[in-house]
Amino acid sequence: MIVDPVEALKKTSNLLVPTSSSHVPITGLPTVLPTNTPIVVEATHVGTSILWVVFVLMLISTIAFAAMAFRVPVEKRLFHILTASITAFATISYYAMASGDGNSYNHSVIVEKHQHVPDTKQDFSRQIFWARYVDWSLTTPLLLLDLAFLAGLNGAQILVAIIADVVMILTGLFAALSTNDSQKWGYYAMACVAFLLVIYQLAVHGRSMAQSKNSQTGNFFTAIGAFTLVIWTIYPIIWGIGEGSNTINVDGEILAYAILDVLAKPVFGFWLLFTHGRMDSSHVRLDGFWSHGLSSEGSIRVGDDDEGA
């Protein structure tokens with residue numbers, strides 16, 4: 001049998017050259033790895049404008065409360081001084097935030113795990129207004145004093161309420177500045193427990209003491225106390241969807257806190273002072289040192305020897 005060498009070469013060459021069907025594509029590998037572009041969530045012109053508006057409202061309220069204080073005798077100015085101090089501290093706080101001070105950035109790195117490619121990292125920063133927490137650490141105890149003196153709480157109950165309130169604000173600040181989720185929500189839980197203690201002091205002891213005075217004072221305390229506690233309950237909700245989970249942006253957070261602060265400070269203050277001024281039974285009259293200073297009998301003498309010494 002005679003074999004044509006040319007035909008034999010063609011047959012063997014077809015076995016050596018790969019066909020198109022033998023190509024297996026490799027999938028799952030990205031051609032270009034994603035770049036780490038930092039994400040920064042901060043206030044825009046809208047948020048800054050809201051801060052300036054609230055600053056003006058707080059300033060006007062402070063001037064109004066101070067003017068109202070001069071219309072009553074010194075011994076009856078306790079509520080006026082407390083309420084004016086609340087909006088005065090808030091005025092300073094909002095001025096700091098609106099002018100660009102009183103804030104910092106909480107930076108964290110979000111790591112996304114992958115099976116077949118390297119893990120990707122994303123830098124994330126959110127603007128935190130720490131001046132707001134300084135404001136709350138000063139104004140919320142004063143608000144509690146307003147309600148405590150209206151109800152007639154004793155010194156021990158007032159002290160417990162104020163300590164719990166300060167713990168609530170400080171743990172909220174620690175949570176806002178924390179870069180670890182477990183620590184953040186741990187601080188948040190502590191703040192909520194402290195808030196429950198504040199609610200207990202006002203809702204149980206405060207209401208009982210106010211009702212024991214007379215029905216007019218009791219009904220007014222129940223109304224303004226419930227108003228305050230409802231507003232205060234919304235604050236941790238806003239924190240949770242804002243600084244906590246980053247669900248809303250900083251402008252939305254500013255707007256929500258602005259509405260709550262206006263209700264909790266100027267609106268609360270005008271309601272308290274106008275209603276309290278028409279209720280003789282709820283007046284807290286302070287004489288002695290508050291009204292007259294140190295008398296000659298109780299003053300400290302320097303350089304005078306007692307007779308017979």
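Reader: At what angle do the axes of helix 4 and helix 7 cross?
Author: This is a predicted model, in which local features need pLDDT of at least 70 and side-chain atom pairs count only at pLDDT 80 or more, while totals for chains, interfaces and linings use all residues. Residues are numbered from 1 along each chain as its sequence is written, and side-chain values use heavy atoms, with hydrogens and water left out. Helices (DSSP runs of H or I, at least four residues) and strands (E, at least two) are numbered from the N terminus, and axes are lines fitted to C-alpha atoms, for helices over the stretch in contact, with angles from 0 to 180 degrees between N-to-C directions. The axes of helix 4 (residues 130-151) and helix 7 (residues 215-244) come within 10 Å and cross at roughly 160 degrees.

Reader: Are helix 4 and helix 7 roughly parallel or antiparallel?
Author: Angles under 35 degrees count as roughly parallel, over 145 as roughly antiparallel, 65 to 115 as roughly perpendicular and the rest as oblique. With a crossing at roughly 160 degrees, helix 4 and helix 7 are therefore roughly antiparallel.

Reader: Is Lys 184 buried or exposed?
Author: Buried means under 20% relative accessible area, exposed over 50% and partly exposed in between, with a 1.4 Å probe and protein chains only. Since the relative accessibility of Lys 184 is 7%, this residue counts as buried.

Reader: How many aromatic pairs are there?
Author: Rings of Phe, Tyr and Trp (its six-membered ring) pair if their centres lie within 6.5 Å, and planes under 30 degrees apart count as stacked, over 60 as edge-to-face and the rest as tilted. By this rule, the number of aromatic pairs is 15.

Reader: How many residues apart in sequence are the parts tied together by Phe 55 and Tyr 95?
Author: These two rings form a tilted pair, with 5.5 Å from centre to centre and 50 degrees between the planes. Phe 55 lies in helix 2 (residues 45-69) and Tyr 95 in helix 3, so the number of residues that separate the joined parts is 40.

Reader: Which helix does the pair of Phe 65 and Phe 270 tie to helix 2?
Author: Phe 65 and Phe 270 form a tilted pair, with centres 4.6 Å apart and planes at 50 degrees. Phe 65 is buried at 0% relative accessible area, whereas Phe 270, at 27%, counts as partly exposed. Phe 65 lies in helix 2 and Phe 270 lies within residues 250-277, so the pair ties together parts 205 residues apart in sequence, and the partner of helix 2 is helix 8.

Reader: How far apart are the end C-alpha atoms of helix 3?
Author: The expected span of a helix is 1.5 Å times one less than its number of residues. Helix 3 (residues 78-98) has 21 residues, and its expected span agrees with the distance between its end C-alpha atoms, which is 30 Å.

Reader: How many residues of helix 3 are buried?
Author: Helix 3 is largely enclosed by the rest of the structure, because the buried ones among its 21 residues number 15.
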